[in-house]
Amino acid sequence: MLPSSLSSFVSSHETIPAPEHEAEYPYSEFYWKPVACALLSGRVRARQQDQQPNRTEMERFCKQANFNQRYFDGVAQFHVASGVIKARFDKYEQGPHFDDFWSGDLDRLQSTARDGIVALIRKFTPFQAWRPTLSFDDVVDFLKAFFTAFEGKGLLCDKIGGAWLRFTQLPEKELKMWLRTPGLNLTTLSACNWIQWLDVKGQSALTNTLYAAGWAYSMEKDKREWFCLSSLGKVMLNLAVAPPRPPVVMEFKVVSDFTVLAGADLPVATLIPIFRYCRLKGMDNVLTFKLDKQSMRDLPSSTSAEQELLGALRPCEPLPLTVTQFLGGDPATGGVMHFKYCRGLVRVKDPAVLAALRSHPKLKGYIDRGGPPGYLIIKDASDPNNFVLRCREHGFEVKGF
């Protein structure tokens, strides 16, 4: 039950019922981990002056991945502020809270996100000669109190900052009494400090922070923009219960047309080389990459791009022959073939093995054009014994028929 002054305060604002969205587990949306991987891979480097993403590289990456650049920028800022990622000169590396974020543990996520909120506000708030504290440390409690009062309501975007300021100016005695109710229990709150962080520029900083962290969003209704707390924000403020954690997405597949499909929950050590040397074509829970020579040349490698990719793709072995040849690896794929010496005839039941023999760089020179379905013919000038020897060297089992 709201006290009278607070109830009058809420009713004095124009609001709409906030849309009910199906809640997702915090930071399980498809873009949080891929943005971190893009930064760690070197595809998008840091600006040394402010640790934020290089604008040109970010635009190029988002265009290739068909991903919203504004979202990428906000997620990147959140990762840096919360210590998930840190910048060293122009390179990003794992920050002190990387494991907390990657673990998906709710308590660790909540702690990391709250630290990020405080850091983002400090970053977005311009210098002021005096403030009562070094940072808006009470901001999470402030937001919890404010959105408890406006539960289920959206406010006009151009009025939200003023509403925050007016909230701090409510009768202090009545406000403090309400904050100590069992539903809130904010007994250690320093409500008098809030107002010093909510000048016009501070209001803008708080708004931008909530957007970047994914705790709030804007929507258009009746040709007006409305500010709403997101389901993620509700969970982070303990105003809603988190839904069950979704199953991890571990799909990993390499296709003969040079497509790589990789689940966003694969180990980061696996994902980084793929982000670094492949072209990202689509961002979703299963990421779509394309092996591309130009992308492999874009960034330097301590060993070689081919070798790093072969190592990253090892769980998908045996790789398609086209991919193995593209990366310069051992093209052996194995398989059973039957060979008749007197006629130089090869019979293969498995179409994949037949195709591998036809295209194998060390074997195709022995093979003549044509041949009935399921069979290959050795050239008249080729030595059958050498052909069989080479086949066995490259992993094929040769039998007679």
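The legends below describe close-up views of aromatic rings and nearby charges in a predicted model.

In this predicted model, local features need pLDDT of at least 70 and side-chain atom pairs count only at pLDDT 80 or more, while totals for chains, interfaces and linings use all residues. Residues are numbered from 1 along each chain as its sequence is written, and side-chain values use heavy atoms, with hydrogens and water left out.

**View 1. Aromatic pair of Phe30 and Tyr31.** The whole structure holds 32 aromatic pairs (Phe, Tyr or six-membered Trp rings with centres within 6.5 Å; planes under 30 degrees apart are stacked, over 60 edge-to-face, the rest tilted). Phe30 and Tyr31 are edge-to-face, at 5.2 Å centre to centre and 85° between the planes. Phe30 is partly exposed at 26% relative accessible area, whereas Tyr31 is buried at 18% (buried is under 20%, exposed over 50%, partly exposed in between; 1.4 Å probe, protein chains only).

**View 2. Aromatic pair of Phe142 and Trp194.** The ring centres are 4.9 Å apart and the planes at 70°, so Phe142 and Trp194 count as edge-to-face. Because Phe142 belongs to helix H7 (residues 139–149) and Trp194 to helix H10 (residues 191–194), the pair ties together parts 52 residues apart in sequence (helices are DSSP runs of H or I, at least four residues, numbered from the N terminus). Phe142 and Trp194 are both buried.

**View 3. Ring cluster containing Phe142 and Trp194.** Ring pairs link these two residues into a cluster with others, including Phe9, Phe136, Trp164, Tyr211 and Phe227.

**View 4. Charges over the rings of Phe326 and Phe401.** Lys293 lies over the face of Phe326, 4.4 Å from the ring centre. The charged end of Arg347 is over the ring of Phe401, at 4.7 Å from its centre (NZ of Lys or CZ of Arg within 6 Å of the ring centre and within 35 degrees of the ring normal).

Notes:
Helices (H or I, at least four residues) and strands (E, at least two) are DSSP runs, numbered from the N terminus.
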